[in-house]
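I opened this notebook to record what I looked up in the structure, going from the overall fold to the helix packing and then to the ligand.

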Amino acid sequence: MKQAAIVGAIALTLGCLTTNAQADEGAIQYRQAIFQAIGGHMTALVRIVRREVAHTDDIAVHASGIADLAPLTAHIFPEGSGEGRTDALPAIWRNADDFASRREAFIEAAEGLRSAAGGPMGQFVGAFQTLGGTCSGCHDNYRAD
Ligand code: HEC
């Protein structure tokens, strides 16, 4: 009887562990999907800015896509989502204040890009470069190569 209770407790514990691991894995995959979407809009904009395609009318869609997604970065780094199949470095949770300020700079630059869409191309390219700097500003410190 006692043994059955212990086995039951172990099974329960393992069940909880599995659930947590699955939640973390889900959080990681969700985060990566958000960044892939942001990256997709950035790649599309590079093609337009380099005049490889003539879709300048699409600029506002991509700029808004990035600006809409950027604030989601505030909740896609929950505690525990730094372990598993992720390139997110532990420093994210250790240097939470610095990470948050880089995230805010990114969100602000994304809003700047949205505002610059539809304006003169030179100004848009400037906003695009500023935004690109905030991507690498975070990746260089908080993403594994
Ligand atoms: C505040 C930090 C931060 C900012 C700003 C940021 N990223 Fe990232 N990015 C990360 C981290 C951390 C990862 C690793 C996520 C993981 O593997 O769980 C990542 C991953 C990615 C990935 C790979 C996703 C995958 O498939 O695994 C792409 C693409 C990406 N970012 C693009 C961008 C672009 C483009 C920008 C700017 C427009 C940007 N990121 C801004 C932190 C940031």
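The entries below follow that order.

**Entry 1: the model and its fold.** I note at the outset that this is a predicted model. I looked up the secondary structure of the protein chain and found five helices and zero strands, with the elements running α-α-α-α-α from the N terminus on. I then checked the radius of gyration, which is 20 Å, well over the 15 Å that the globule rule gives for 145 residues, so the protein chain is more spread out than a compact globule. Along the principal axes, I read off a box of roughly 80 × 30 × 25 Å that the C-alpha atoms of the protein chain fill.

**Entry 2: α4 against α5.** Two packed helices are described by the angle between their axes and the distance between the axes, and I looked up both here. α4 and α5 pack at an angle of about 160°, with their axes 9 Å apart. Because an angle over 145 degrees counts as roughly antiparallel, α4 and α5 are roughly antiparallel to each other, and I recorded their crossing as left-handed. On the α4 side of the contact I listed residues including F99, F106, A109 and L113, which meet residues of α5 including F124, F128, L131 and C138. Sorted by type, the residues of this contact of α4 with α5 divide into 13 nonpolar, five polar and one charged.

**Entry 3: α2 against α4.** I next turned to helix α2 (residues 59-69), whose axis comes within 8 Å of that of α4, the two crossing at roughly 155°. That angle makes α2 roughly antiparallel to α4, and α2 passes α4 in a left-handed crossing. In this contact, A63, S64, I66 and A67 in α2 meet A110, E111, L113 and R114 in α4. I count these residues, as they divide by type, as five nonpolar, one polar and two charged.

**Entry 4: the ligand.** Which residues come nearest to the ligand? Of the 23 residues around the ligand, I found that F35, G39, F106, C135 and C138 come nearest. I then asked which helices build the shell, and α1 (2-49), α4 (96-116) and α5 (121-142) each supply at least two residues. α1 gives the most to the shell, with eight residues. By type, the residues of the shell around the ligand divide into 11 nonpolar, seven polar and five charged. As a cross-reference to Entry 2, I noted that F106 in α4 and C138 in α5 are listed in the contact between those helices, and that both are among the residues that come nearest to the ligand.

How values were computed: Residues numbered from 1 in each chain as written. Predicted model: local features only at pLDDT ≥ 70, side-chain atom pairs only at ≥ 80, totals over all residues. Near = placed C-beta within 6 Å. Helix = DSSP H or I, 4+ residues; strand = E, 2+ residues; numbered from the N terminus. Nonpolar A, V, L, I, M, F, W, Y, C, P; charged D, E, K, R; others polar. Axes fitted to C-alpha atoms, helices over the stretch in contact; angles between N-to-C directions. Parallel < 35°, antiparallel > 145°, perpendicular 65-115°, else oblique. Left-handed = near helix turned anticlockwise from the far one by under 90°. Contact = placed C-beta atoms within 7 Å. Rg over C-alpha atoms; globule rule 2.2 N^0.38 Å.
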